[in-house]
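Let's walk through this one together, starting inside one chain and then moving out to where the chains meet.

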2 protein chains.
Amino acid sequence: MTHPGPFEDSHRVIRPDPVNAEVRPEALWLEQTPAERFYIRSNFPFPPGTGEDQPLRLGGAVRQAREWTVGALLERVQRSLVVTTECASNGRTGFAPTPEGEPWRWSAVSTAEWTGVPLVELLEEADVDPEAVAILFTGRDRGAAGDASGPIHFQRSLPLEKARDPDTLVALAMNGAPIPLEHGAPLRLIVPGWYGMASVKWLESIEAITQPFRGHFQHARYRYEYTDGSSAPVTVMRPRAIITDPVNNARLPAGTVRIRGWAWSGQGPIDAVEVAVGGGDDVWQPARVEVPSSRHAWHRWTFDWIPSGPGLHILRCRATDASGDRQPDHARWNRHGYGNNAIHPTYVEISAG
Amino acid sequence: MTHPGPFEDSHRVIRPDPVNAEVRPEALWLEQTPAERFYIRSNFPFPPGTGEDQPLRLGGAVRQAREWTVGALLERVQRSLVVTTECASNGRTGFAPTPEGEPWRWSAVSTAEWTGVPLVELLEEADVDPEAVAILFTGRDRGAAGDASGPIHFQRSLPLEKARDPDTLVALAMNGAPIPLEHGAPLRLIVPGWYGMASVKWLESIEAITQPFRGHFQHARYRYEYTDGSSAPVTVMRPRAIITDPVNNARLPAGTVRIRGWAWSGQGPIDAVEVAVGGGDDVWQPARVEVPSSRHAWHRWTFDWIPSGPGLHILRCRATDASGDRQPDHARWNRHGYGNNAIHPTYVEISAG
């Protein structure tokens, strides 16, 4: 397999090397993002492509270390889930002051159907020891990061309970086809409801561990580090609604405008999406929210708007999830700029006549 | 004179009726904004055009009420000043939650040369009474506003000291030509250093008053109304720097980029402009700031940037004025959304190779 790309025609490239790229606005009109349009987050250069003989090892605090080839995993009963995945850094540049890190705007989110083997089945076959506290995942990608003297692999751990969730998959296919290299071929962990850093790409090994993992991408990154010195791990996606149509800065004729978008949360289903046209205290109106195609997929919402007149208008939307959490006007600033689910405006211009 | 416009080709129209329109990005490249590109703020429809026989009355608490025609004012010794004027609502839509009011973005600012008679000379001829506390200005434009039962005129007062500032002008010309109707023809007050609401358009009368003015545009609008219940009048422009070049979302070839922009403050000259490329705590670097062509005009600044590589970059700038006031990451939210001089990013994409 050759190095894919360039991605300039299919994405909005944030950084070309390693590739980090957002979804283009028109690709957000689709419920399922085509694989070649899905957002790309890489910490390191893509590792080389491999074939069906690539092994996946499962070891550590288990009674029976196991190893499967990709080919063997493909032989197993597969499970398919439509999952919305958002980068923890989506919206980072909306924070002020601007945090360090890739300058993500508001389109590091995509939805795909992932097909694979539930991780819990593999864990059960290996018989995880009772003293295990977490499961550690290692990707084939590696490079320099943090204070390490040499290259390190991308590694992340998951709490046992989430690792044993039947919806946490070792995925072998994306939208019904082999996973493209840039999205983690041939094996990618999929952790529904969590920000994307949990869905380890290019998965090559799984380890049950008896002490909390403190590697770079668990402890020095993907933590909310607040200005008061407190911190917390980045885990589930916060509620967010986005307007996909009209696109920002659209110029539209007079008449009713159907506003459309998506809403999601890792904390539960979306209970409500509200839309505001213009400013003020009391301008929020409910949108129609549809049941998603899967409990891990975003909800379609629509709102019919009759513009008050020609000129520039500011449109906003906000989601409330089943936990009662609602998108804020400002998300709490944190050093690395994670989880910025603040309400984000769309501007549209209505023509006269 | 016929009703001017439409303004769709020359401006970014915020509202067509009454006309409210921002400056287009390319018009900000010029130090002096052409009159036909200057931002337009109207509270009411434009009043009818008038000729040189239009009177300007000066009365109230004065020993000698006076009246001059436009023609008579044109006969007097004229003074010319280059002045940067910004709408108090510039940046309103950058506040969260979004305040009520016209959805101004970040381009309600312009610079012009205004020529006219210093107001202080007219005040001296009328011999303002010692008990006067302020000078009230009335424009010919009028319409419905606030709780008033009938139409009201646009009216604003100025403290005596500012009214007597030799740089406060009754302007008769803009950029060396008669003032266009949309900018206040034939007479406009120009109050350098203050937000634009002070520079009353279509000026028809001046009155010395012995009690503070509490009309709609002085008391119900153009006040900072904070969430803690405190409030303060909107007066001088807060420091602000803007990037005019490259324009937002520009795609540029590799190589050095000369970043250019303007900086101004009503609190004094600009002491420093700093530029940040990317995020983090310690990324601010000084720009070269030029002496402006007038003490009321914006300062040109430039910064040569060598991009670290291809991809998306976030550029920010911030001004510090001679009072020591520096642009903040967030301006204090207020009910009507005035004075939002928060740092505002520009995104640019550097092509590979």
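How many Å separate the centres of domain 1 of chain A and domain 2 of chain A? Taken over C-alpha atoms, the centres are 28 Å apart. Domain 1 of chain A covers 11-221 and domain 2 covers 240-350, with bounds that come from an automatic or database domain assignment.

Before going further, some ground rules. This is a predicted model, where local features need pLDDT of at least 70 and side-chain atom pairs count only at pLDDT 80 or more, while totals for chains, interfaces and linings use all residues. Residues are numbered from 1 along each chain as its sequence is written, and chains are lettered from A and ligands numbered from 1 in the order in which they are written.

As for confidence, chain A averages a pLDDT (the predictor's confidence in each residue, from 0 to 100) of 96, and 99% of its residues score at least 70. For the complex, the predictor gives an ipTM of 0.90 and a pTM of 0.93.

Now look at chain B meeting chain A. Each chain puts 27 residues into the contact, counting two residues as in contact if their C-beta atoms, placed from the backbone, lie within 7 Å. On the chain B side, β1 (11-16) and β22 (311-321) each supply at least two residues; strands here are DSSP runs (E, at least two residues; helices are H or I, at least four), numbered from the N terminus. The top contributor on that side is β22(B), with five residues.
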